[in-house]
Amino acid sequence: MASESASASTATGVGSTSAPTIREIIATNRNPQIWKDFNLCIMTDNSQKAQCKHCFHFLSVGSNTTLRNHITHPHCEAKKAQQNQNPEAGQTSMARDGSVFRYDPDYLREQFAGLVIQRALPFNHFDHEQTTRVFQNTMQPRYTHVSRSTLKRDAMKLWLAAKQEIIDSFGNINACVNLTTDV
């Protein structure tokens, strides 16, 4: 009996650090109405699983009914969160740690501008079709392209805000300040 439970936990990956992981995501010609919310994954143990694009849970690929029920009878926590919000704010997703987060493209643009400034990257660093595809396919399907001119405008806004903050902080100091530069 003990050996049966040990083999069952090994097969399912429960309590094991060697659980199968995604080896490859492949395209499928199966029912597009159902599969638009799932990725067909080949696992490291050569099994096939359907992974929900919203909550990242793995389901059996044997039955489209199971997949449809996951989405239509909200077993998917990310879909539940989307339905509880207004349609305009339907930008939530399930994080890998189980929490629900809201995708905010304006916050992403601000973070990209900060990254460009901190790492001295060119403004066209994210301005590539392949970069957009990688972000959409692996991290956030709702990601939209951020152009170099948008990044430049966002970086200038950050710079002006930082400059104004420095000016304001110098205005609040009750002492003399000498600035020198080496050009």
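In which sense do strand S2 (residues 38–43) and strand S3 (residues 48–52) pair, and over how many bridges? They pair in the antiparallel sense, over five bridges. The legends below describe a predicted model, in which local features need pLDDT of at least 70 and side-chain atom pairs count only at pLDDT 80 or more, while totals for chains, interfaces and linings use all residues. Residues are numbered from 1 along each chain as its sequence is written, and side-chain values use heavy atoms, with hydrogens and water left out.

View 1. Strands (E, at least two residues) and helices (H or I, at least four) are DSSP runs numbered from the N terminus, and two strands pair if DSSP finds at least two bridges between them. Phe38 has Cys52 in S3 as its bridge partner. Four residues lie between S2 and S3 in this hairpin, and Asn46 in the turn has a positive phi of about 65 degrees.

**View 2. The hairpin of S3 and S4.** S3 also pairs with strand S4 (residues 58–60), in the antiparallel sense and over three bridges. Gln51 stands opposite Phe58 in S4. Five residues separate the strands of this hairpin, where Phe56 takes a positive phi near 70 degrees.

**View 3. The aromatic pair of Trp35 and Phe38.** The structure holds five aromatic pairs. Rings of Phe, Tyr and Trp (its six-membered ring) pair if their centres lie within 6.5 Å; planes under 30 degrees apart count as stacked, over 60 as edge-to-face and the rest as tilted. The ring centres of Trp35 and Phe38 are 6.3 Å apart and the planes stand at 70 degrees, so this pair is edge-to-face. Trp35 and Phe38 are both buried (under 20% relative accessible area; exposed is over 50%, partly exposed in between; 1.4 Å probe, protein chains only).

**View 4. The aromatic pair of Phe112 and Tyr143.** This pair is edge-to-face, with 6.3 Å centre to centre and 70 degrees between the planes. Phe112 lies in helix H5 (residues 105–119) and Tyr143 in the loop between helix H6 (129–139) and helix H7 (148–171), so that the pair links distant parts of the chain, 31 residues apart. Phe112 is buried at a relative accessible area of 8%, and Tyr143 is buried at 3%. Ring pairs join Phe112, Phe126, Phe135 and Tyr143 into a cluster.

**View 5. Phe170 in helix H7.** Phe170 has its place in helix H7. At 37% relative accessibility, Phe170 counts as partly exposed.
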